[in-house]
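Biologist: I have not seen this one before. Can you take me through some of it?
Modeller: Here it is.

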Amino acid sequence: MVEAQAGARPLGRLTLSGEKETRVPEEVLARSVFGPLGGVVEIGAVNVTGTWRLTDVSVGAFVATRQSEVDRILQGVRSVCRFGDAAMAIADQLGYFDEHEVSTALLLLWSEGITGFRQPLERLAEPSLVRRMCRIGTDLQLTRLLQALVTAALSAGTEARQGARGIAEILHVAAGLADPTEGRICPVDIHRMWRVAYLPDILRPASNVPDWGRDGYRSYDEELEARVRRPFR
């Protein structure tokens, strides 16, 4: 795991071992953000059909009708992570916002195969299984998006209170993209899943994360806990 620096010291230096620090390229940080965001978009395009039949999915149409939300997320990412133009261009280069087929293989990827491989494989396209993969994938990819955002924000030296505000807004919009229904996941849920999935390894005494790194993650956790409970307009 690449561990992050925090506080007033920009996290352009990431600790890879207890003794050595090496710089992680901005491109790597950007891909770690835009990868799960791509999963969010594809899953949202499936969920919005209401049928969970992959033949009904159009990613291009989904993005077109929600372009303002996508733009809002990207603007938030640029602000919080302080990515330059080259890093931001990766979002388009990955192709997740363009029209393309969403296959069962992609949904298995986003949901980490938790549903298992059904035989015959055609069963994976059954609406009930597609819907379940979307629910699981939503939880996984939004949690990974949060981890990537916090790490990139720490890398950029973004102060926790400012960064948490921007990240909370990104999560609010991204949750609406992934599951545009009344019972959708909310930023409070995402934050709690992130905290139990990532922070124990980062904060344990035997981890390679230096004290300033632990302090940074703790600060973001505290600020996010307060921020995600507030309403957004």
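Modeller: One term to begin with: buried means under 20% relative accessible area, exposed over 50%, and partly exposed in between, with a 1.4 Å probe and protein chains only. By that rule Glu-225 is partly exposed, with a relative accessible area of 31%. This is a predicted model, where local features need pLDDT of at least 70, side-chain atom pairs count only at pLDDT 80 or more, and totals for chains, interfaces and linings use all residues. Residues are numbered from 1 along each chain as its sequence is written, and side-chain values use heavy atoms, with hydrogens and water left out.

Biologist: What does Glu-225 form a salt bridge with?
Modeller: With Arg-195, the closest N and O atoms being 3.4 Å apart. A salt bridge here is a side-chain nitrogen of Lys or Arg within 4 Å of a carboxyl oxygen of Asp or Glu.

Biologist: Which helices do Glu-225 and Arg-195 lie in?
Modeller: Glu-225 is in helix α9 and Arg-195 in helix α8 (residues 187-203), so the pair ties together parts 30 residues apart in sequence. Helices are DSSP runs of H or I, at least four residues, numbered from the N terminus. Arg-195 is partly exposed, at 25% relative accessibility.

Biologist: How many salt bridges does the count come to?
Modeller: The count comes to 10. Another is Glu-223 with Arg-161, whose closest N and O atoms are 3.8 Å apart. That pair links distant parts of the chain, 62 residues apart: Glu-223 is in helix α9 (residues 211-227) and Arg-161 in helix α7 (residues 160-178). Arg-161 is exposed at 56%, while Glu-223 is partly exposed at 22%.

Biologist: And Asp-211 with Arg-214, where are they?
Modeller: Both are in helix α9, 3 residues apart, which is about one helical turn. Asp-211 is exposed, with a relative accessible area of 56%, whereas Arg-214 is buried at 10%. Salt bridges that share partners also join Arg-195, Asp-221 and Glu-225 into one network.

Biologist: Changing topic, how many residues does helix α6 have?
Modeller: Helix α6 (residues 127-156) has 30 residues and reaches 42 Å from its first C-alpha to its last, close to the 44 Å expected. The expected span is 1.5 Å times one less than the number of residues.

Biologist: What comes just after α6?
Modeller: Gly-157, which takes a positive phi of about 80 degrees.

Technical notes:
Helix = DSSP H or I, 4+ residues; strand = E, 2+ residues; numbered from the N terminus.
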